[in-house]
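Okay, everyone, thanks for coming. Let me put this one up on the screen and walk you through a few spots.

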Amino acid sequence: MTDGTPSDEPLDTPETSGRDAVVIGGGLAGITAALALADAGVRVTLLEGRPRLGGLAFSFQRDGLTVDNGQHVYLRCCTAYRWFLDRIEGAALAPLQDRLDVPVLDVDRPEGRRLGRLRRDALPVPLHLGRSLAAYPHLSLAERARVGRAALALKGLDLADPALDTQDFGSWLTAHGQSARAVEALWDLVGVATLNAVAGDASLGLAAMVFKTGLLSDPGAADIGWARVPLGELHDRLARKALDSAGVRAEVRTRVTSISNDENGRLRVQVPGETLRADAVVLAVPQREAHDLLPAGALDAPERLLEIGTAPILNVHVVYDRTVLTRPFFAALGTPVQWVFDRTEASGLREGQYLALSQSAAHDEIDEPVAVLRERYLPELERLLPRAREAEVKDFFVTRERTATFAPTPGVGRLRPGARTKSPGLYLAGAWTATGWPATMESAVRSGVSAADAALGALGRPRPRHLFEFEEAA
């Protein structure tokens, strides 16, 4: 690093003051904040401790394959992440389904009768899911009827009511007539993947937000999108290209050691061997790292950041010598397997098939040895996929994100801070901040927008109009 402003250099002149920002953290929140500030004419330096950008949505190389650390998806209602994809010119590489269609296999049913589907019709809400729910074979007729009544009750909840955050979603479902089977085959099927928690461990407020926004707001809101290329292509290569084009100086392998205020009302950001000064700093790192870097007095109760729990995600990767799955993905019931995606083409595999299993809320498995997981999951895949029974396993490995997301437990809402702090010029970003969303790529991007918006307001700079187009779309 060579072009930071050392602490002993003269201050900026009035003509150039209010022009410098430092963004700490190169995940989606930090990239978004940096792009937004740069688009408004601010001179931005982005600092990331890892050797790459992308945060917890990244890729790596293994035996000639490009492997994502975990399967990430988004929905049509994720308007901020869709804006992000457009901004880095990556939307075509992560397309959405034309229409929601989720194959659901129940391994406990006889072969040939295991497949059910959750899909929508071109009808207004809530009729768009009516035919699919009426024909869903994994619930009884009575359970399907009760699901419909619970969905209508959920639609009537006021997301602005803070009392929702104090309740757990599982108890609410039980009180609204949902059987254990309905929770497993429908509510947790969606909720575990989006919240990273089972219904009994999830805030009713966050769960209601997910289901109201995704399934009960617009007919196409829950259409699923995912990257058809490695995540590193989007969140690292294309993101770097966009940052470069915007004039952002991005430095990786650069860890910030402290943030402080100087005597002239600016902020000092210390990295090994250099001090950068800035009019605005966006701290876009995980909550515990943010806690350690916050200057004294920046938050009234900084210890609350340490009370925000974390939840793990385990990803199981299996390479077969032949094709065993003919659809792009499916969800499963009656088995430890949750969601399975075909990553063959994206990884660069030329022969055979590569499947990625995304196992959310994996508290009991996150530290299990690979051998144990192999013995557990390969037989389950053979139960689900008959073609796997004759296939040779060429590779089996796991990736573990022990702190993949914040835990969406009841009461977490009061712990999540907003973008502004009491330290002038210092702002917070990250999926764990108070975006109203669970820990998703959408939440991360929204937090970066909020932090940049707050910083631009304080700097007296106008919002880049294109940045907030997704708010209108929402």
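This is a predicted model: local features need pLDDT of at least 70, side-chain atom pairs count only at pLDDT 80 or more; totals for chains, interfaces and linings use all residues.

The chain averages a pLDDT of 93, and 94% of the residues score at least 70. Watch residues 1-17, though: the pLDDT there is below 50, and that stretch has 30 contacts in the model beyond near neighbours in sequence.

Now the rings. The count comes to 10 aromatic pairs. One of them is Trp187 with Phe211, edge-to-face, at 5.1 Å centre to centre and 65 degrees between the planes. Trp187 belongs to helix 6 and Phe211 to helix 7, 24 residues apart, so you've got distant parts of the chain linked here. Buried or exposed, that Trp187? Buried, because its relative accessibility is 4%, under the 20% cut-off. Phe211 is buried too, at 2%.

Another pair is Trp226 and Phe329: centres 5.3 Å apart, planes at 75 degrees, so again that's edge-to-face. Here Trp226 sits in strand 8 and Phe329 in strand 15, 103 residues apart. Both are buried.

Next, the arginines. Arg52 has its charged end over the ring of Phe58, 3.6 Å from the centre. With Arg62, the ring is Phe397, and the distance is 4.1 Å.

Strands 11 and 12 pair over five bridges, with Arg268 partnering Arg277 in strand 12.

How values were computed: Residues are numbered from 1 along each chain as its sequence is written. Side-chain values use heavy atoms; hydrogens and water are left out. Two strands pair if DSSP finds at least two bridges between them. Helices (H or I, at least four residues) and strands (E, at least two) are DSSP runs, numbered from the N terminus. pLDDT is the predictor's confidence in each residue, from 0 to 100. Contact means heavy atoms within 4.5 Å. Rings of Phe, Tyr and Trp (its six-membered ring) pair if their centres lie within 6.5 Å; planes under 30 degrees apart count as stacked, over 60 as edge-to-face and the rest as tilted. Buried means under 20% relative accessible area, exposed over 50%, partly exposed in between (1.4 Å probe, protein chains only). A charge sits over a ring if NZ of Lys or CZ of Arg is within 6 Å of the ring centre and within 35 degrees of the ring normal.
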